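Open the model in your viewer and keep the selection tool ready. We will go from stop to stop.

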Amino acid sequence: MNSTQPNNARADRTGRTDRIRGLARLTLANRVSAVYLTVVGGAMAVAAAQPLFGTGPDASLVWVWPALFTFPAFGFVAWLGEAGWGGDAPTWFFVGGIVLSALVQSLALGTVWRVLRGRRDNRRHLTTAH
(Lines give C-alpha, C1' and ligand atoms only; values in the text may rest on other atoms or scores of the structure.)
Protein backbone atom coordinates (compact mmCIF):
# COMPACT_ATOMS: atom_id res chain seq x y z
CA MET A 1 0.00 0.00 0.00
CA ASN A 2 1.11 3.51 -0.65
CA SER A 3 1.64 5.34 2.63
CA THR A 4 0.61 8.67 1.08
CA GLN A 5 -2.96 7.51 0.52
CA PRO A 6 -5.49 8.60 3.09
CA ASN A 7 -6.76 5.95 5.47
CA ASN A 8 -10.28 6.24 4.04
CA ALA A 9 -9.07 5.17 0.59
CA ARG A 10 -7.31 2.15 2.09
CA ALA A 11 -10.36 1.19 4.11
CA ASP A 12 -12.62 1.60 1.07
CA ARG A 13 -10.37 -0.62 -1.05
CA THR A 14 -10.15 -3.23 1.70
CA GLY A 15 -13.93 -3.21 2.13
CA ARG A 16 -14.43 -3.66 -1.60
CA THR A 17 -11.94 -6.53 -1.65
CA ASP A 18 -13.71 -8.17 1.28
CA ARG A 19 -17.07 -7.91 -0.52
CA ILE A 20 -15.61 -9.46 -3.67
CA ARG A 21 -14.03 -12.28 -1.64
CA GLY A 22 -17.32 -12.83 0.15
CA LEU A 23 -19.22 -13.11 -3.14
CA ALA A 24 -16.58 -15.49 -4.49
CA ARG A 25 -16.88 -17.64 -1.36
CA LEU A 26 -20.66 -17.74 -1.66
CA THR A 27 -20.45 -18.62 -5.34
CA LEU A 28 -17.61 -21.14 -5.37
CA ALA A 29 -16.36 -22.14 -1.93
CA ASN A 30 -19.18 -24.01 -0.22
CA ARG A 31 -20.45 -27.55 -0.55
CA VAL A 32 -23.79 -26.80 -2.16
CA SER A 33 -22.40 -24.45 -4.79
CA ALA A 34 -19.48 -26.78 -5.54
CA VAL A 35 -21.81 -29.74 -6.12
CA TYR A 36 -24.12 -27.64 -8.29
CA LEU A 37 -21.26 -26.27 -10.41
CA THR A 38 -19.82 -29.78 -10.75
CA VAL A 39 -23.14 -31.10 -12.06
CA VAL A 40 -23.51 -28.23 -14.54
CA GLY A 41 -19.84 -28.49 -15.60
CA GLY A 42 -20.18 -32.25 -16.07
CA ALA A 43 -23.30 -31.80 -18.19
CA MET A 44 -21.47 -29.21 -20.31
CA ALA A 45 -18.45 -31.50 -20.71
CA VAL A 46 -20.67 -34.37 -21.85
CA ALA A 47 -22.51 -32.05 -24.24
CA ALA A 48 -19.26 -30.71 -25.67
CA ALA A 49 -17.86 -34.23 -26.11
CA GLN A 50 -21.05 -35.60 -27.70
CA PRO A 51 -20.08 -34.68 -31.31
CA LEU A 52 -16.92 -36.78 -30.90
CA PHE A 53 -18.85 -39.93 -30.06
CA GLY A 54 -22.39 -39.54 -31.37
CA THR A 55 -23.40 -38.84 -34.95
CA GLY A 56 -27.16 -39.30 -34.74
CA PRO A 57 -29.67 -36.61 -35.64
CA ASP A 58 -30.52 -36.10 -31.96
CA ALA A 59 -26.91 -35.51 -30.87
CA SER A 60 -27.45 -31.77 -30.48
CA LEU A 61 -30.26 -32.33 -27.98
CA VAL A 62 -27.70 -33.14 -25.29
CA TRP A 63 -27.32 -29.36 -24.73
CA VAL A 64 -30.79 -29.39 -23.22
CA TRP A 65 -29.39 -30.80 -19.96
CA PRO A 66 -27.03 -27.94 -19.06
CA ALA A 67 -29.79 -25.49 -19.97
CA LEU A 68 -32.27 -27.33 -17.74
CA PHE A 69 -29.82 -27.41 -14.82
CA THR A 70 -29.56 -23.62 -15.07
CA PHE A 71 -33.16 -23.03 -16.09
CA PRO A 72 -34.60 -20.21 -14.02
CA ALA A 73 -31.70 -17.91 -14.89
CA PHE A 74 -31.16 -19.41 -18.35
CA GLY A 75 -34.77 -18.62 -19.28
CA PHE A 76 -33.79 -14.95 -19.34
CA VAL A 77 -30.76 -15.75 -21.55
CA ALA A 78 -32.95 -17.72 -23.96
CA TRP A 79 -35.40 -14.82 -24.08
CA LEU A 80 -32.56 -12.40 -24.87
CA GLY A 81 -31.32 -14.71 -27.63
CA GLU A 82 -34.77 -14.89 -29.15
CA ALA A 83 -35.27 -11.13 -28.93
CA GLY A 84 -31.82 -10.21 -30.21
CA TRP A 85 -31.23 -12.77 -32.95
CA GLY A 86 -34.73 -14.04 -33.68
CA GLY A 87 -33.98 -17.66 -32.82
CA ASP A 88 -30.60 -17.73 -34.59
CA ALA A 89 -28.41 -16.76 -31.64
CA PRO A 90 -24.76 -17.82 -31.92
CA THR A 91 -23.47 -20.77 -29.93
CA TRP A 92 -21.11 -18.62 -27.87
CA PHE A 93 -24.11 -16.67 -26.58
CA PHE A 94 -25.87 -19.76 -25.27
CA VAL A 95 -22.73 -21.37 -23.81
CA GLY A 96 -21.79 -18.10 -22.12
CA GLY A 97 -25.37 -17.78 -20.92
CA ILE A 98 -25.24 -21.25 -19.37
CA VAL A 99 -21.99 -20.38 -17.57
CA LEU A 100 -23.31 -17.03 -16.35
CA SER A 101 -26.62 -18.58 -15.28
CA ALA A 102 -24.80 -21.32 -13.37
CA LEU A 103 -22.70 -18.74 -11.53
CA VAL A 104 -25.73 -16.61 -10.64
CA GLN A 105 -27.62 -19.62 -9.35
CA SER A 106 -24.55 -20.85 -7.49
CA LEU A 107 -24.41 -17.48 -5.72
CA ALA A 108 -28.08 -17.82 -4.79
CA LEU A 109 -27.54 -21.37 -3.51
CA GLY A 110 -24.51 -20.28 -1.50
CA THR A 111 -26.48 -17.43 0.05
CA VAL A 112 -29.36 -19.72 1.01
CA TRP A 113 -26.86 -22.27 2.38
CA ARG A 114 -25.16 -19.61 4.52
CA VAL A 115 -28.47 -18.31 5.86
CA LEU A 116 -29.66 -21.81 6.76
CA ARG A 117 -26.35 -22.75 8.38
CA GLY A 118 -26.31 -19.49 10.30
CA ARG A 119 -29.73 -20.23 11.76
CA ARG A 120 -28.66 -23.75 12.69
CA ASP A 121 -25.43 -22.53 14.29
CA ASN A 122 -27.32 -19.87 16.27
CA ARG A 123 -29.69 -22.46 17.70
CA ARG A 124 -26.85 -24.72 18.73
CA HIS A 125 -25.16 -22.02 20.82
CA LEU A 126 -28.24 -21.04 22.80
CA THR A 127 -28.00 -21.66 26.50
CA THR A 128 -30.74 -22.22 29.03
CA ALA A 129 -31.76 -19.38 31.30
CA HIS A 130 -30.73 -19.68 34.93
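In what order do the elements of the protein chain run from the N terminus on? They run α-α-α-α-α. The chain has five helices and zero strands. Both kinds of element are DSSP runs numbered from the N terminus: helices are H or I with at least four residues, strands are E with at least two.

Some ground rules come before the first stop. This is a predicted model, where local features need pLDDT of at least 70, side-chain atom pairs count only at pLDDT 80 or more, and totals for chains, interfaces and linings use all residues. Residues are numbered from 1 along each chain as its sequence is written, and side-chain values use heavy atoms, with hydrogens and water left out.

**Stop one: the whole chain**

Show all 130 residues of the protein chain; 21% of them are buried. Buried means under 20% relative accessible area, exposed means over 50%, and partly exposed lies in between (1.4 Å probe, protein chains only).

**Stop two: the nonpolar patch**

Select Val35, Val39, Leu61, Val64, Trp65, Leu68, Phe69 and Phe71. Together they make a nonpolar surface patch of about 760 Å². Helix H2 (31–53) and helix H3 (64–69) each give two or more residues to this patch. Patch residues have over 30% relative accessible area and no salt bridge; nonpolar side chains (Val, Leu, Ile, Met, Phe, Trp, Tyr) are joined within 5 Å, like charges within 9 Å. A salt bridge is a side-chain nitrogen of Lys or Arg within 4 Å of a carboxyl oxygen of Asp or Glu. Areas come from the Shrake-Rupley method with a 1.4 Å probe, and for residues only the protein chains shown count as cover.

Which helix gives the largest share of the patch? H3 does, with four residues. Now pick Leu68 in H3. Leu68 counts as partly exposed because its relative accessible area is 48%.

**Stop three: the largest pocket**

Select Ser60, Leu61, Trp63, Val64, Ala67, Phe74, Thr91, Phe94, Val95 and Ile98. They line the largest pocket, whose volume is about 170 Å³. On a 1 Å grid over the protein atoms alone, a pocket is an open set of points with protein on both sides within 12 Å along at least five of seven lines, and lining residues have an atom within 4 Å of a point. The volume is the space filled by probe spheres set on the points, which are joined across faces, edges and corners.

Which helix gives the most to this lining? H5 does, with four residues. H3 and helix H5 (91–124) each supply at least two. Zoom in on Trp63, in the loop between H2 and H3. Trp63 is partly exposed, at 29% relative accessibility. The C-alpha atoms of Trp63 and Val95 are separated by 9.3 Å, though 32 residues apart along the chain.

**Stop four: the aromatic cluster**

Select Phe74, Trp85, Trp92, Phe93 and Phe94, which ring pairs link into a cluster. The structure holds seven aromatic pairs. Rings of Phe, Tyr and Trp (its six-membered ring) pair if their centres lie within 6.5 Å.

**Last stop: Ala73**

Pick Ala73 in helix H4 (residues 71–85). Ala73 is partly exposed, at 21%. Its C-alpha atom is 7.4 Å from that of Val104, 31 residues apart along the chain.

Key: Rings of Phe, Tyr and Trp (its six-membered ring) pair if their centres lie within 6.5 Å; planes under 30 degrees apart count as stacked, over 60 as edge-to-face and the rest as tilted. On a 1 Å grid over the protein atoms alone, a cavity is a set of points where a 1.4 Å probe fits but cannot get out, and a pocket is an open set with protein on both sides within 12 Å along at least five of seven lines; lining residues have an atom within 4 Å of a point.
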